[in-house]
Amino acid sequence: MLFLIEFSSKKDITKRRIPLIFEFLINNPITKYTMLDISFIRENREQVEKAITNKGEKDTSVVEKVLSADEEWRAKVHEGDLLRSESNTKSGKIGQLMSQGKKEEAQEIIKETSAMKEQIKEIEEEVKKLRIERDNLLLRIPNVPHPSVPVGVTEEDNEIFKTWGTPNESEWRKPHWELTERHGWVDFERGVKVTGAGFPFYVGGVAQLQRALINYFINEAAKAGYIEMQAPYFVNEDSARGTGQIPDKEDMMYEIPRDGFFNIPTAEVPVTNYHRDEILENKDIPKKYVCHTPCWRREAGSYGKDVRGLNRLHQFDKVELVKIVRPEDSYDELESLREHAEGLLEALELSYRTLLMCTGDMGFTQSKKYDLEVWSPGQKRWLEVSSCSNFESFQARRMQLRYRKDEKEIEILHTLNGSGLALPRVVSALLEAYQEENGKVRIPEVLKPFIGREYL
């Protein structure tokens, strides 16, 4: 009997997707789409079980199931190898016996080897099924957090890594939705009419502000050595699986069932998959890309004051930074990624804080993550505008993204990404921070060359 994936109720996969993943693994019975290397799990069982617990899952039995399935698979592979070797040895005698005129003995061996071939075929089918079972289980094991990540369950367990600026708490400051309504800059009602809730129109000043921010963010990334890229807005299932959206965040993505595509939830997905199934040359590492795209997310279950205005949308724009690096460089690259995103907020003169995310608030795929939160003067609270993450080899192993370390050795790369930055909450924070008591909104100095005036 073939084994199907069991998902916790916390992150259930949709019923339609289970047969698709099952069909995929039937046709591709290889470990390339697993998350952690099975040998790592065998050698570090306690560490993997602890990682599962620290990321908020109570049931660690999947590790025992994986190891049992792997042991059964390896035993069956060994059985097939022994039988194949025996069959080859016997087959080698047939010609010798025939040349000696011992036809009856030769015919007996032919019968034996024919039966062995049937046995080998059956064993190969079993090996294939057992590997599917093991790989399905491997898909349920999260990435292992870096030792520097604080252990915790909720956002209260995150650590404040850095603060910059002084949050403005002037009572007269209006929330951004009052400013956009007053000036006609964002039209939510017509967005609902044309598409639905969470798909607003940007008009006039805010449309210009978004365009200016996108140009500024991309220009700054280019100065830092990132290559600008324009990526597809839709991806196939292999790409969604490669970066870990499947099976984990599937209920957050919009789908185009007729064509088997997903609307991208972030440029991370197409850009990181750009080099999927490739072996890069050592001299070409690191790869650094910057990409602006719209992003689509269902944001199921979001409601209340936290989603008012531009706080949480189904479609929004973001400039994404992606790095593909050597394993020994990835944590230095994470710090430089964080510093780049922080530098954008400092140039915009927006007060912010950087959080080092705890294990339970970090996500399934990350080994370490920083969140950047900007101060919203009109709402009197912090708003996330960037996440900077190191996935180590977690994504690259699924994508078989490797590099030629030297003439003899090929190694899995590490991947990182970060928002540089996400637009809606940056826009809302700018509107609230740069407003004047008469309702006018000044333009930040670094954006004036892109807009060409003093006020929106």
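1. The structure holds 1 cavity of 30 Å³ or more. A cavity here is a set of points, on a 1 Å grid over the protein atoms alone, where a 1.4 Å probe fits but cannot get out. Grid points are joined across faces, edges and corners, and a volume is the space filled by probe spheres set on the points. The largest cavity has a volume of about 30 Å³. Its lining (residues with an atom within 4 Å of a point) consists of Leu209, Leu430, Leu431, Val441, Arg442, Ile443, Pro444 and Leu456. By class, 7 of the lining residues are nonpolar, none is polar and 1 is charged. In this count Ala, Val, Leu, Ile, Met, Phe, Trp, Tyr, Cys and Pro are nonpolar, Asp, Glu, Lys and Arg are charged, and the others, Gly among them, are polar.

2. A note on the source: this is a predicted model, in which local features need pLDDT of at least 70 and side-chain atom pairs count only at pLDDT 80 or more, while totals for chains, interfaces and linings use all residues. Residues are numbered from 1 along each chain as its sequence is written, and side-chain values use heavy atoms, with hydrogens and water left out.

3. The protein chain has 14 helices and 16 strands. These are DSSP runs, numbered from the N terminus (helices: H or I, at least four residues; strands: E, at least two). The C-alpha trace spans about 110 × 45 × 40 Å along its principal axes. Of the 456 residues in the chain, 51% are buried. Buried means under 20% relative accessible area, exposed means over 50%, and partly exposed lies in between (1.4 Å probe, protein chains only). Among contacts (heavy atoms within 4.5 Å) between residues at least 6 apart in sequence, 75% join residues at least 24 apart.

4. Which residues touch the most other members of the largest nonpolar core? They are Leu213 and Phe217, in a core of 51 residues. A nonpolar core is a set of buried Ala, Val, Leu, Ile, Met, Phe, Trp, Tyr and Cys residues joined through side-chain atoms within 4.5 Å. Helix H8 (residues 205–223) gives the most to this core, with 9 residues. A second, separate core has 18 residues, including Leu36, Ala51, Phe364 and Phe394. Not counting residues up to four places away in sequence, Phe217 touches Val319, Leu344, Leu348, Gly420, Leu421, Leu423 and Val426.

5. Helix H13 (residues 423–433) has 10 of its 11 residues buried, so it is largely enclosed by the rest of the structure. Among the buried residues of H13 are Leu423, Val426, Leu430 and Leu431. The cover over its buried residues includes helix H6 (176–183), H8, S10, strand S12 (368–376), strand S13 (381–390) and strand S16 (414–422).

6. Strand S9 (residues 287–296) is mostly covered, with 9 of its 10 residues buried. Two strands pair if DSSP finds at least two bridges between them. S9 pairs with strand S4 (residues 227–229) in the parallel sense over 3 bridges, and Ile227 stands opposite Tyr289 in S9. S9 and strand S10 (residues 315–325) run antiparallel and are joined by 10 bridges. Thr293 stands opposite Lys318 in S10.

7. An open sheet of 3 strands has the order S5-S7-S6, with antiparallel pairing. Strand S5 (234–236) and strand S6 (255–256) stand at the edges, each with a single partner strand, so one side of each is left without a neighbour in the sheet. S5 and strand S7 (residues 261–263) pair over 3 bridges, and Val235 has Phe262 in S7 as its bridge partner.

8. Two peptide bonds deserve a look. The bond from Ile285 to Pro286 is cis, with omega near 5 degrees, and Pro286 is in the loop between S8 and S9. A cis bond also joins Gly420 and Leu421, with omega about 10 degrees; Leu421 lies in strand S16.

9. Lys380 has a phi near 60 degrees, a positive value in a residue other than glycine. Lys380 sits in the loop between S12 and S13 and is partly exposed, with a relative accessible area of 30%. Glu392 has a phi near 50 degrees, also positive in a residue other than glycine. Glu392 is in the loop between S13 and helix H12 (394–399).

10. Is Asn273 buried or exposed? Asn273 is buried, with a relative accessible area of 8%. This residue lies in the loop between helix H10 (268–272) and strand S8 (279–281).

Definitions and conventions
On a 1 Å grid over the protein atoms alone, a cavity is a set of points where a 1.4 Å probe fits but cannot get out, and a pocket is an open set with protein on both sides within 12 Å along at least five of seven lines; lining residues have an atom within 4 Å of a point.
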